[in-house]
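Here is a short tour of one protein chain. Keep the sequence and the 3D view side by side as you read.

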Amino acid sequence: MLVGCAQVQPQTSPSVQPSVQPEEVVIEPQPSAPPEQVCPLPPPCTLAEPVECPPPKIIERVIVQAPPLPKTGGELNLPIIGEVEDVLVDPPGVKLEARIDTGAASSSIHAESIQLVERDGKRYVRFSVLNPQTKELLDIESKLHRIVRIKQQTGEFERRYVVKLWLSMGEIKEHVDVTLTDRSDFEFPLLVGRNLLTDTAIVDVSRKHTLK
């Protein structure tokens, strides 16, 4: 042990704590939205000037004449008539526009003021027919030929008087049964059926007023 000497303990330097550096936060920039694209306005439309077409040039004029329609036909060489013809009705001697109907068995005429009368033991029918030219009613009295019963759409039967009249179309003239009825709802006042058409004419529904 040394006298007069102080033992000096070596001093240790105080421990230095390492300084804590703040953590760096890297903020990445957010991608910016793409700019809006604005389409340019279309150029204004310009009106086209009208162009006149040149007139057609006729190279060659061709006129085709259709062959005349036959006036007679069939094995009997019968006259060909249309679906509508003018028919002379006698009595009373007036010309009426008639519908030609091969589907009807008999002919009928529009009549007004129909009355059944008896004279000298015989029965007659009085009725009136309109004259299309003068618009006056013509009174007719004809002998009753027979009475027919016609079934209506309602199922009921209607009695109609039948008289004999002369019907003439062109060169065709027949004394046939004609039923008196109300045809005010029909276009034509006279209907010509098979009792006049059989063995006398051929009907072409594509024609009208073929007879003079």
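Ser 168 counts as buried, because its relative accessibility is 14%. Buried means under 20% relative accessible area, exposed means over 50%, and partly exposed lies in between, with a 1.4 Å probe and protein chains only. This is a predicted model: local features need pLDDT of at least 70, side-chain atom pairs count only at pLDDT 80 or more, and totals for chains, interfaces and linings use all residues. Residues are numbered from 1 along each chain as its sequence is written, and side-chain values use heavy atoms, leaving out hydrogens and water.

**Around Ser 168**

Ser 168 sits in strand β9, residues 157–169. Strands (E, at least two residues) and helices (H or I, at least four) are DSSP runs, numbered from the N terminus. Which residues does Ser 168 touch, not counting those up to four places away in sequence? They are Asp 86, Val 87, Leu 88 and Lys 173. Such a contact means heavy atoms within 4.5 Å. Val 87 is 81 residues from Ser 168 along the chain, yet their C-alpha atoms are separated by 5.5 Å.

**Strands that pair**

Two strands pair if DSSP finds at least two bridges between them.

| Strands | Bridges | Bridge partners |
|---|---|---|
| β1 and β2 (residues 78–82) | two | Thr 72 and Pro 79 |
| β7 and β8 (residues 137–151) | seven | Val 129 and Leu 138 |

β1 and β2 belong to an open sheet of three strands, in the order β1-β2-β12, with mixed pairing.

Now look at the turns. β6 and β7 form a hairpin with two residues between them. In that turn, Asp 120 has a positive phi of about 55 degrees. The hairpin of β7 and β8 has six residues between the strands. Here Lys 135 takes a positive phi near 60 degrees.

**The whole chain**

Step back. The chain has one helix and 12 strands. From the N terminus on, its elements run β-β-β-β-β-β-β-β-β-β-β-α-β. Of its 212 residues, 27% count as buried. Among contacts between residues at least 6 apart in sequence, 53% join residues at least 24 apart.
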